Amino acid sequence: MTRCKSCGDNWNVRATLKRYTTSAPGMACPYCGETQYLSQKYRERSMFITLLIPLPILIQAFFDVHLEGMIVLFVSAFLLVIMFHLFALEVEAEEEDWRNRFYY
Ligand SMILES: [Zn+2]
């Protein structure tokens with residue numbers, strides 16, 4: 001679950017879903033009110049996990065999969081992406097960008 005970096009409370013599902021419907025870069029924590037931003041690590045991971053959705057098209061190109069199988073693959077990939085976004089959302093107290101990001 002999503003944990004606020006300022007107060008340490010876990011966000012509930014409703015707050016996590018609200019984060020996805022908010023287009024602003026930051027969102028106030030429902031418990032302490034401090035603005036929280038999506039972490040860089042989460043943004044990178046979500047980009048890769050979203051690539052799972054077109055993966056069944058590649059599978060179709062190499063294997064003979066029936067329509068029912070393709071529907072199951074698409075629905076599975078879609079549910080996997082939804083579950084990832086619900087449970088892997090990470091927030092930071094400060095907005096990370098190229099100016100304040102540490103390089104190791
Ligand atoms: Zn908080």
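Helices (H or I, at least four residues) and strands (E, at least two) are here DSSP runs, numbered from the N terminus. The structure is a predicted model, in which local features need pLDDT of at least 70, side-chain atom pairs count only at pLDDT 80 or more, and totals for chains, interfaces and linings use all residues. Residues are numbered from 1 along each chain as its sequence is written.

The protein contains four helices and three strands, and from the N terminus on its elements follow the order α-β-β-α-α-α-β. Its radius of gyration, taken over C-alpha atoms, is 17 Å, well over the 13 Å that the globule rule (2.2 Å times the number of residues to the power 0.38) gives for 104 residues, so the protein is more spread out than a compact globule. Along the principal axes, the C-alpha atoms fill a box of roughly 50 × 35 × 20 Å.

The UniProt record, an unreviewed entry, lists residues 46-63 and 69-89 under "transmembrane region"; such annotations may be inferred rather than shown by experiment, and their positions are given in the numbering used here, with feature names shortened. In the model, residues 46-63 are 72% helix and 0% strand, with the end C-alpha atoms 27 Å apart. Residues 69-89 are 90% helix and 0% strand, and their end C-alpha atoms lie 30 Å apart.

Within helix α4 (residues 67-87) lies M70. This residue has 14 C-beta neighbours inside 10 Å and therefore counts as partly exposed, a class that falls between buried (20 or more other C-beta atoms within 10 Å) and exposed (12 or fewer), with C-beta atoms placed from the backbone. Leaving aside neighbours within four places in sequence, M70 is in contact (C-beta atoms within 7 Å) with P56, Q60 and V65. The C-alpha atoms of M70 and I57 are separated by 8.3 Å, although the two residues are 13 apart along the chain.

The three strands form an open antiparallel sheet in the order β1-β2-β3. Because β1 (26-28) and β3 (91-92) stand at the edges with a single partner strand each, one side of each is left without a neighbour in the sheet. Strand β2 (residues 35-38) pairs with β3 over two bridges, pairing being assigned where DSSP finds at least two bridges. Y37 stands opposite E92 in β3.

Y37 also belongs to the largest nonpolar core, whose seven residues are C4, W11, A15, C29, Y37, L89 and V91. Such a core is a set of buried Ala, Val, Leu, Ile, Met, Phe, Trp, Tyr and Cys residues joined through C-beta atoms within 7 Å. Buried residues make up 10% of the 104 residues.

Conventions. Two residues are in contact if their C-beta atoms, placed from the backbone, lie within 7 Å.
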